[in-house]
Amino acid sequence: LTTIFSTPPNAWIYYITISPDNQQLIMAYSPPYQQNVPVYQALYSMPMDGSVPPQFLLMPPTVDDRYLQVEWAPDGKYIFFSHINQQEPAQTDQQFPVYTLYRIAYPNGQPEKIVENVLWTRVSPDSSHLVYISDPFANANKIFMSDADGKNAREIELLETWELDIKDAPLFLPDGQSILFSAP
């Protein structure tokens with residue numbers, strides 16, 4: 001067990017992903033508050049050996065925006081992340097803010113919107129598909145799978161004879177043919 005980075009007081013790491021070559025990590029990170037300096041929950045990168053402290057990778061548009069749930073595609077070409085702005089009004093029939101999935105080509109791409117109102121995105125082992133929870137705060141959310149660019153989205157129908165209202169945290173098994181998820 002080796003510590004590669006310890007947050008300073010009042011800093012927060014929300015989520016971490018590691019590059020396929022195990023050389024870099026990217027984290028959704030909030031640095032500590034400094035007087036007259038806004039604190040953003042942005043995406044930061046750093047080498048896995050801890051030789052350099054976290055460096056900005058992608059800054060959110062405003063201090064009210066947050067980047068979270070970051071995932072590195074196994075082929076190393078894209079980084080996927082969720083975005084939320086809790087100050088933006090939700091739709092009239094929605095109690096919670098909208099979580100939007102973006103991807104960015106690594107290392108120098110621009111954010112590309114993939115799909116709205118999803119959480120828990122995971123990338124397939126061959127980097128060709130995504131699995132995610134649609135309408136994550138609905139009374140009966142759904143598991144969807146799509147191409148890596150968000151196209152051809154389709155609900156994953158469950159074979160059980162009972163209906164699971166809440167589904168969370170889907171992920172692909174290494175063979176890419178099966179998906180695990182939790183259901184309380």
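**From Tyr78 to the cores**

Tutor: Let us begin with Tyr78, which is in contact with Glu71, Trp72, Ala73, Arg103, Ile104, Ala105 and Tyr106, once neighbours within four places in sequence are left aside. Keep in mind that this is a predicted model.

Student: Why is Tyr78 called partly exposed?
Tutor: Its relative accessibility is 26%. Buried would need a value under 20% and exposed one over 50%, so Tyr78 falls in between and counts as partly exposed.

Student: And Thr121: is it buried or exposed, and how do you know?
Tutor: Thr121 has a relative accessible area of 3%. That is under 20%, so Thr121 is buried. You will find Thr121 in strand 9, residues 118–123, with contacts beyond four places in sequence that include Gln69, Leu101 and Val131.

Student: What can you say about phi of Ser127?
Tutor: Phi is near 65 degrees there, a positive value in a residue other than glycine. Ser127 sits in the loop between strand 9 and strand 10 (129–134). Even so, Ser127 counts as buried, because its 10% relative accessibility is under the 20% limit.

Student: Which peptide bond is cis, and what is its omega?
Tutor: The one joining Tyr106 and Pro107, with omega about 15 degrees. Pro107 is in the loop between strand 7 (100–105) and strand 8 (112–116).

Student: What makes strand 1 and strand 4 edge strands?
Tutor: They belong to an open antiparallel sheet of four strands in the order 1-2-3-4. Strand 1 (12–18) and strand 4 (55–58) each pair on one side only. Neighbouring strands of this sheet are turned by 35 degrees against each other on average, direction ignored.

Student: How do you know that strand 1 and strand 2 pair?
Tutor: At least two bridges are required, and strand 1 and strand 2 (residues 24–30) have six, in the antiparallel sense, so they pair. As one example, Trp12 has Ser30 of strand 2 as its bridge partner.

Student: What makes a group of residues a nonpolar core?
Tutor: Its members must be buried nonpolar residues joined through side-chain atoms within 4.5 Å. The largest such core has 12 residues, including Tyr15, Ala28, Trp72, Phe81 and Tyr102. Strand 5 (65–72) is among the strands that supply at least two residues of this core, and strand 5 gives the most, with three. Another core, of 10 residues, lies apart from it and includes Phe80, Val118, Val123 and Tyr132.

Student: Why might such residues gather?
Tutor: In soluble globular proteins, nonpolar side chains tend to be buried together.

Technical notes. Residues are numbered from 1 along each chain as its sequence is written. This is a predicted model: local features need pLDDT of at least 70, side-chain atom pairs count only at pLDDT 80 or more; totals for chains, interfaces and linings use all residues. Side-chain values use heavy atoms; hydrogens and water are left out. Buried means under 20% relative accessible area, exposed over 50%, partly exposed in between (1.4 Å probe, protein chains only). Contact means heavy atoms within 4.5 Å. Axes are lines fitted to C-alpha atoms, for helices over the stretch in contact, and angles run from 0 to 180 degrees between N-to-C directions.
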